[in-house]
Amino acid sequence: MGELKLMKGNEAIAEAAIRAGVDAYFGYPITPQSEVLEYLMQEQPEERTGMVVLQAESELAAINMVYGAASAGKKVLTTSSSPGISLYQEGISYIAGAELPCVIANVVRGGPGLGTIQPSQADYFQTVKGGGHGDYKLFTLAPSSVQEMADFVGLGFEVAYKYRTPVMILTDGMIGQMMEKVELQEQKPRWTAEDIKGLHDKWATTGKTTDRERNIITSLNLESAVQEKHNHHLQAKYRQMENEEVRYETFNVEDAEYLIVAYGSSARIAQKTISLARAKGIKVGLLRPITLFPFPVKPLAGLVPQLKGILSVELSAGQMVEDVKLAVECKVRVEHYGRFGGMIHSPEEVLTAFEQKFIGG
Amino acid sequence: MEIKDIVKEENLVYKKTSLMTNKPLSYCPGCGHGTAHRIIMEVIEEMDAQAETIGIAPVGCSVLAYEFMNIDMIQAAHGRAPAVATGVKRTWPEKFVFTYQGDGDLAAIGTAETIHACNRGEFITIIFINNGIYGMTGGQMAPTTLQGMKTSTSPYGRNLSMMGNPLKITELIAQLPGTYFVSRQAVHTPAAVRKAKKAIQKAFDVQKEKKGLSFVEIVSNCNSGWKLPPVKANQWMVDNMFPFYPLGDIKVDGELIQKA
């Protein structure tokens, strides 16, 4: 068993990054995720592993520092929160276009605009439906515990390098700020220059040696036919992710007549709702998407024959509910419930909404 | 006598650096970019640093610099090259990292990245091509466009009260403690090219010594954007650009050069 610690979700991301052998973190302060940068500055990973930590002058600079370090074959992490992630979008689009691996965490707060600093899940569209310009997808992991905040850093890098693609950890101010017990992984060594040459010499810009052609990182193609081909190549990766990388969890679905679909903090709340409903004799189960892209379409569609209704629960005005509807192809009634703008629904509020929509209605 | 009788080993006094590719330059005839590219590549070749060098060219006419420079290169978003360079250099501190940026890129959209990379004293080299205009997008006003200068977005000439003043960003960043060597050069004559190359060499030396950020501005022509033939464009540059953007070292060994 690894070392156990009581940590905030944001701190868990930071500590997990050091232990995952991450080479660099670039970020800019924004509530509710500033603890990531603060923890790293306090912890001085430069002394522990040689990991570089730098506070950038803006989110624009931070995401482009990520772009630079990732171009040069280095494992690089950044974190921000909603308004900052909006500023990241240009860079994320370039990172996706240039096929660079990196991990980005969005500790979501209420919007739009400056919004609030309280938790929200209203960045679902921005994350899984684009965000930046062009046809690209972000592999998206949605942790629902501090443990998963830590675990998904390592998992994120595995997927990022497997596909040479940016990975998003979509979490929120609740998971980021709350403290839980977390089991930490053993320290992994950082890649050496030789490791990077061995692993990434086909593409990483580490300096042109005589044994290979020069490497170029770019997202530019002036010939549209070439750019279309590049887009097909990106799309093929996304299809492969849909086939190989779907992750989800179910709870009480075996005999369920109704289903709640919820991710991250809402899934935690919904679990309690299900206990309350079961106590009243209502057979409700939970499907928790862990990957939001790729969305667990098949597992969800597979439950349709036994279901009378699905409630999609999110801290938003209804974003993921669209993907739930697409997954079940309107074969079963799908409703949405959620508080938003920084407000958090209680398990009882979710149960009341469920009963009004499906039992009483 | 035919050309093959002349092109012989014993007659060679000059050859193209192997760090320039054979791809024909896409720049307009008479443009300074090609010369600037060449002297940077010559410096890297003379330092035998191809395997240690990463170049970064953001959006602008030189966005395709990676087609011509035979080194590992990163194409960056508009204005963000100093941040990209920071990401590379901080994680590969022993490599040479340089950016190659135009005036719109470096002094308008990328002002924050420029100033903060300079202020942090990143051990990188910034090559700044200043032709006072947006070349690639077709000749719009740049932050460095001179007073009264006509561009497609200042068709009656740059009006200072309406459009603001031309920005001497090189003088500005020279004030920052993070910069160690700051120089302004040109490549319009063989003598100027020699001086510019020397400045670039010094900039890379400073980077190697990890003394601070080194910055070389090259005042260049844009005959297409200025709507002048190349020779006249160079003369116009001498007559109009150089008085406002005077050539020479601005900061050497971390000390500002005192003008008499």
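Reply: In this predicted model, chain A has 14 helices and 15 strands. Its radius of gyration is 21 Å, close to the 21 Å that the globule rule gives for 361 residues, so chain A is as compact as a globular protein of that length. The C-alpha trace of chain A spans about 70 × 50 × 40 Å along its principal axes. Of the 361 residues in chain A, 53% are buried. Among contacts in chain A with a separation of 6 or more, 79% are between residues 24 or more positions apart.

The domain assignment divides chain A into domain 1, residues 3–184, and domain 2, residues 250–359. Taken over C-alpha atoms, the centres of domain 1 and domain 2 of chain A are 27 Å apart. Their contact involves 26 residues from domain 1 and 21 residues from domain 2. On the domain 1 side, at least two residues each come from helix 6 (124–128), strand 6 (139–141), strand 7 (166–172) and helix 8 (173–177) of chain A. Helix 6 gives the most to this side, with 4 residues. Sorted by class, the domain 1 side holds 13 nonpolar, 10 polar and 3 charged residues.

The other surface to consider is the one facing chain B. Here 33 residues of chain A are in contact with 29 residues of chain B. On the chain A side, the elements that give two or more residues are strand 2 (24–27), strand 3 (52–55), helix 4 (59–71), helix 5 (82–97) and strand 9 (216–217). Helix 4 of chain A gives the most, with 9 residues. The chain A side of this contact divides into 16 nonpolar, 11 polar and 6 charged residues.

To bring the two surfaces together: helix 6 of chain A gives the most residues to the domain 1 side of the contact with domain 2, while helix 4 of chain A gives the most to the side that touches chain B.

Key. Residues are numbered from 1 along each chain as its sequence is written. Chains are lettered from A and ligands numbered from 1 in the order in which they are written. This is a predicted model: local features need pLDDT of at least 70, side-chain atom pairs count only at pLDDT 80 or more; totals for chains, interfaces and linings use all residues. Two residues are in contact if their C-beta atoms, placed from the backbone, lie within 7 Å. Ala, Val, Leu, Ile, Met, Phe, Trp, Tyr, Cys and Pro count as nonpolar, Asp, Glu, Lys and Arg as charged, and the others, Gly among them, as polar. Domain bounds come from an automatic or database domain assignment. The radius of gyration is taken over C-alpha atoms; the globule rule is 2.2 Å times the number of residues to the power 0.38. A residue is buried if 20 or more other C-beta atoms lie within 10 Å of its own, exposed if 12 or fewer, and partly exposed in between; C-beta atoms are placed from the backbone.
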